[in-house]
Amino acid sequence: MFTALAVGSGFALLLVPNIELITSIIFVSGVYLGPRGGMMVGIVAEFIFSAANPLGSGLVFPPLLLGQIAGMGLVGLMGGLLRKSLLMGDLSLGKRLFLGAAGALLTLIYDSITTLAYPVAAGFEGRQTVAIWMAGIGFTVLHQVSNAIIFFTALPRVFSRID
């Protein structure tokens, strides 16, 4: 169910740059299913979404596909590792801020892995690799901010309904 929801939301927002719900859905799957289940949802959902993406299949460049899968697997794993702290008690402002920061950090890690997949796989030198990463920082920041807002506003409502 979580895999289908993540993939479907990815395709629904495909044409909206750097605004997506896949990350938050995979994180929620980790909270609900635990670290192993969340990681599996992240891996399978990202593989399906990337491989079947009509704007460019991840199958064309395997290092990028592996980076995408690893990044979303990490998101699901982290949701599972944080499940007890997120489901215990009410979701105070402090927990909401923590969720927003977690969304921003996980997005930064994912974007960094996927941005660096090409230069690392192509054998670029360190300075060139850093330059490529810096060239994409504007898109990364927009992605981080949007996911931080989603994690801060929407996920507490979801977690308040999970027993």
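**A buried serine and the helix packing**

Modeller: Happy to. Let's start with Ser29, which is in contact with Phe2, Gly34, Gly38 and Val41, leaving aside its neighbours within four places in sequence. Keep in mind that this is a predicted model.

Biologist: Which helix does Ser29 lie in? And is Ser29 buried or exposed?

Modeller: Ser29 lies in helix α2. Its relative accessibility is 0%, so Ser29 counts as buried.

Biologist: Okay, on to α3 and α5. At what angle do their axes cross?

Modeller: They cross at roughly 160°, and the axes of α3 and α5 come within 8 Å. The cut-off for roughly antiparallel is over 145 degrees, which makes α3 roughly antiparallel to α5. As for handedness, α3 passes α5 in a right-handed crossing.

Biologist: Which residues of α3 and α5 meet there?

Modeller: From α3 you have Pro63, Leu64, Gly67, Gln68, Gly71, Met72, Leu74, Val75 and Met78. They meet Leu106, Ile109, Tyr110, Ile113, Thr114, Ala117 and Ala121 in α5. By class, the contact of α3 with α5 has 12 nonpolar and four polar residues, with no charged ones.

Biologist: Let's zoom in on Leu64. What does it touch beyond residues up to four places away in sequence?

Modeller: Leu64 touches Thr114 and Ala117. Leu64 and Ala117 are 53 residues apart in sequence, yet their C-alpha atoms are 5.3 Å apart in space. Leu64 itself lies in helix α3, which covers residues 62-81.

Biologist: Changing topic: how do α5 and α7 pack?

Modeller: α5 and α7 pack at an angle of about 150°, with their axes 7 Å apart. That makes α5 roughly antiparallel to α7. Here, α5 passes α7 in a right-handed crossing.

Biologist: Which residues make the contact?

Modeller: On the α5 side they include Arg96, Gly100, Gly103, Ala104, Leu108 and Asp111, and on the α7 side they include His143, Gln144, Asn147, Ala148 and Phe151. The residues of the contact of α5 with α7 divide into nine nonpolar, eight polar and two charged.

Biologist: What about α7 on its own? How many residues does it have, and how far does it reach?

Modeller: Helix α7 runs over residues 137-153, so to speak, with 17 residues, and it reaches 24 Å from its first C-alpha to its last. That is close to the 24 Å expected at 1.5 Å a residue.

Biologist: Which α7 residues are buried, and what covers them?

Modeller: Thr140, His143, Gln144, Ser146, Asn147, Ala148, Ile150 and Phe151 are buried. What covers the buried residues of α7 includes α2, α5 and α8.

Biologist: And α5 with α6, how do those axes cross?

Modeller: The axes of α5 and α6 come within 9 Å and cross at roughly 135°, and therefore α5 and α6 are oblique to each other. The contact is made by Leu108, Ser112, Thr115, Leu116, Pro119 and Val120 of α5 with Thr129, Ile132 and Trp133 of α6. Those residues divide into six nonpolar, three polar and no charged.

Biologist: Last one: what is the phi of Asn18?

Modeller: Asn18 has a positive phi of about 60°, although it is not a glycine. Asn18 lies in the loop between α1 and α2, and at 22% relative accessibility it counts as partly exposed.

How values were computed
Residues numbered from 1 in each chain as written. Predicted model: local features only at pLDDT ≥ 70, side-chain atom pairs only at ≥ 80, totals over all residues. Heavy atoms only, no water. Helix = DSSP H or I, 4+ residues; strand = E, 2+ residues; numbered from the N terminus. Contact = heavy atoms within 4.5 Å. Expected span 1.5 Å × (residues − 1). Buried < 20%, exposed > 50% of the residue type's maximum accessible area, 1.4 Å probe, protein only. Axes fitted to C-alpha atoms, helices over the stretch in contact; angles between N-to-C directions. Parallel < 35°, antiparallel > 145°, perpendicular 65-115°, else oblique. Nonpolar A, V, L, I, M, F, W, Y, C, P; charged D, E, K, R; others polar. Left-handed = near helix turned anticlockwise from the far one by under 90°.
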